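Please walk through this structure with the model open beside you.

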Amino acid sequence: MEIQNSSILMVFLLFFILCCILIYCKTKVQCNCKICHAYITSSWSNEFDNLCDWYTHLLKSSPTKTIHIHVLHNTITSDHQNVEYMLKTRFENYPKGKPFSAILGDFLGRGIFNVDGDSWKFQRKMACLELGKMSMRSHAFEVVNHEIDHRLIPLVLSVSRKDHKVLDLQDVFKRFSFDVICKFSFGYDPKCLDESLPMSDLTNAFDLASQLSAQRAMKPYQLVWKIKRMLNIGSEKRLKESIKMVNMFAHEVIRQRIKLGSCSNHEDLLSRFMATTKDPNYLRDIVISFLLAGRDTVASALTGLFWLLAQHPKIVATIREEALRMAKHEALTSFPQLHELNYLQATVYEGMRLLPPIQFNSKFSQIDDILPDGTSVKKGTRVTYHPYAMGRMESIWGSDYLDFKPERWLKDGVFYQETPFKYPVFQAGHRMCLGKEMALVELKCVVLSLLQRFDIELETPAGTLKFSPGLTATFAGGLAVRFSERDM
Ligand code: HEM
C-alpha cells in the first residue's frame, strides 16, 4: 500500500514538473527570428561543422560585428572596442555573474574561475604572488623540460620505433599538461604520461565534467537541467558521478600536500592557499580551478598547433632553422634563450589566433548599458566576446586572415604583440590569464623539442575540424599523427 502511494506521488510530481517546464518554455523563451529558429532546431549544422563557425559567419555578416541569440538572452560580439569596454572600461558592470556561478558551481565550486568580488580579488592576489614571481618562469621551464625529457620524448620515440605507430596527440598532450600543472601547482606527480599510457578514469571524469557543465550553458531552458539535477537522472547523474571522481583526486592531492608539509622545500600555489585556510572544500575548488586552467587550455593549444604545423612544412623548417642559429652560439638550456626565439613565439601566437583554446567568454550585465558599437544591453543580459570569431575577422587581420602566417607577428624579425583586446585569447583587462607566461614556456618547449627530433605526418584528415562541446576547445576524435625520427 505504502509503495503504491509513493508511486502515485512520484507520477504527480513528474506531471507537475512537466507542466512547469512547458509553462516556463512558453512564456520565457520564444523567438521566431531566423537565428533563434536555426539555433533551436540545430538547422545551422546543415551548413556548418561547428557552432563556433556558424557564429563566426553571423558575426562577419553583421554590420556592427555583434549579434543576438534571443532564446539564450545572449549578445555576442567580435568588436574589439566592445571587448575593451567589457573587460576594462566598465569591468564592474560585466562580472561573471550569478547564472554562470550556478551553471559551473557543481564542478568549479568557489574557485577563481567561478567567482566575482572579494573572493575573486583574494584568489587573484594569492595566485599573482606565486605566478608573478621572477623565479616562476625558470621553475616552469625546469618542470616542463623534465616532463619532456623523461616522459614525452621516450614515449614518442618508443611509439615511432614500433612499426611507425599512430599516436593520438591530443590524448598525449592532455596527459602531459596534467602532469605539468600538478607538479608545478601542487608539488604532486600523477604520472599520467607514463610510457604505458595508463587508462585514466580520472582524466575521463575530468573531461566529462567539463563537457556536461558546458552543455548546461547551451540549453535555452535552464530549468530542465535543474530538474534533472534534482531528480538525479540522465546527464546530471553522469555529471554528479564524474565530479565525485574528480573530487576524490583533488582531496588526495591536498592530503599528500599536507603529509609533505614542511619537508618540502618548495613553495607552491596550493601550499600558499593552505596557509590561509583549512577548509577542505575550498581547497578542493582551488585545485580543480588550476587543473582546468593549466591542463585543458595548454593541451588544446598544443593540439591545434600541431594540426597546423603538420600541414605547413615551411613553417616547421623555419622554426628548426631559428633554433639551429641559436644553438650555434650555445645549447638551448635556459629560459632566457627560449625568449630569444621570436619566430617560435610568433608561431605559437598565430596558432592560437586560428584555434584559441577558449573559443568564447561570457559576462552578465549588471545594469542597462550601451556598448561602444551602439548595441543596447538590458540588465541581466549575457554578453559574450568570441576570440575564435575575432581571429577570423578580415577587419582585424587583413585579407589573408585564414592563412597560418607567423610573419604577421614580426616587425624586423622581432615579435610584436597586437593589443590584447583584438586578440583576447588569454582574455584581457583586469581578469587577464595569470598563467600566460607559464603556458608560453610550455608550448614553446614542446614544439621545439618534438620538431627538432621528429617529422610529423597527419593521419587525421586535413581540412575542416570538428570540435566536441566543452569549456575548452577539444578535437572530436582526437588528433592522430605518426612520428618518425630525424637524423640529428
Ligand atoms: C594556452 C594556455 C592558456 C590559455 C589560452 C588561457 C586562457 C585564459 C583565459 C581566456 C582566461 C579567462 C577565463 C575566464 O575568466 O573565464 C584565463 C584565466 C586564468 N588563467 Fe589561463 N590560460 C592558459 C593557461 C593557463 C595556465 C597554464 C595557468 C596556470 C598556471 C592559467 C591560470 C589562469 C588563471 C588563474 C586565470 C583566472 C584569472 C582571473 O579570473 O583573474 N592559465 N586563462
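Start at Asp79, which touches Thr64, Lys65, Thr66 and Asp373, not counting residues up to four places away in sequence. Touching, or being in contact, means that the C-beta atoms of two residues, placed from the backbone, lie within 7 Å. This is a predicted model, so local features need pLDDT of at least 70 and side-chain atom pairs count only at pLDDT 80 or more, while totals for chains, interfaces and linings use all residues. Residues are numbered from 1 along each chain as its sequence is written.

Asp79 sits in the loop between strand E2 (74–77) and helix H4 (80–89). Helices (H or I, at least four residues) and strands (E, at least two) are DSSP runs, numbered from the N terminus. Asp79 counts as buried because it has 23 C-beta neighbours inside 10 Å. The scale is simple: a residue is buried if 20 or more other C-beta atoms lie within 10 Å of its own, exposed if 12 or fewer, and partly exposed in between, with C-beta atoms placed from the backbone. Asp79 and Ala389 are 310 residues apart along the chain, and their C-alpha atoms are separated by 10.0 Å.

Now step into H4. Seven of its 10 residues are buried, so the helix is mostly covered. They are His80, Asn82, Val83, Glu84, Tyr85, Met86 and Leu87. What covers these residues of H4? The cover includes strand E1 (66–69), E2, strand E4 (361–364), strand E7 (382–385) and helix H18 (394–397).

Helix H16 (residues 342–354) is another enclosed element. Of its 13 residues, 11 are buried, so H16 is largely enclosed by the rest of the structure. Among them are Tyr343, Leu344, Gln345, Glu350 and Arg353. H16 reaches 19 Å from its first C-alpha to its last, close to the 18 Å expected. That expected span is 1.5 Å times one less than the number of residues.

Turn to the largest nonpolar core. A nonpolar core is a set of buried Ala, Val, Leu, Ile, Met, Phe, Trp, Tyr and Cys residues joined through C-beta atoms within 7 Å. Of the 97 residues in the largest one, Val287, Leu302, Phe306, Leu443 and Val447 touch the most other members. Helix H13 (residues 280–309) supplies the largest share of this core, 16 residues.

Is Tyr282 buried or partly exposed? Tyr282 is partly exposed, because 16 other C-beta atoms lie within 10 Å. Leaving aside neighbours within four places in sequence, Tyr282 is in contact with Arg110 and Thr277. Tyr282 and Gly109 are 173 residues apart in sequence, yet 7.8 Å apart in space, C-alpha to C-alpha.

Next comes the ligand. It is surrounded by 23 residues, and the closest are Ala293, Thr297, Cys433, Gly435 and Ala439. A residue belongs here if its C-beta atom, placed from the backbone, lies within 6 Å of the molecule. Helix H6 (117–131), H13 and helix H19 (436–453) each give two or more residues to this shell. H13 gives the most, with six residues. The shell divides into 16 nonpolar, five polar and two charged residues. Here Ala, Val, Leu, Ile, Met, Phe, Trp, Tyr, Cys and Pro count as nonpolar, Asp, Glu, Lys and Arg as charged, and the others, Gly among them, as polar.

Strand E3 (residues 166–168) and strand E13 (residues 480–485) pair in the antiparallel sense over three bridges. Two strands pair if DSSP finds at least two bridges between them. Val166 stands opposite Arg482 in E13. Five bridges join E13 to strand E10 (residues 454–458), and these two run antiparallel. There, Leu458 has Val481 of E13 as its bridge partner.

Finish with two loop residues. Lys191 is not a glycine, but has a positive phi of about 55 degrees. Lys191 lies in the loop between helix H8 (169–186) and helix H9 (201–218). Gln427, also not a glycine, has a positive phi of about 60 degrees. Its place is in the loop between strand E9 (414–415) and H19. Gln427 counts as partly exposed because it has 19 C-beta neighbours inside 10 Å.
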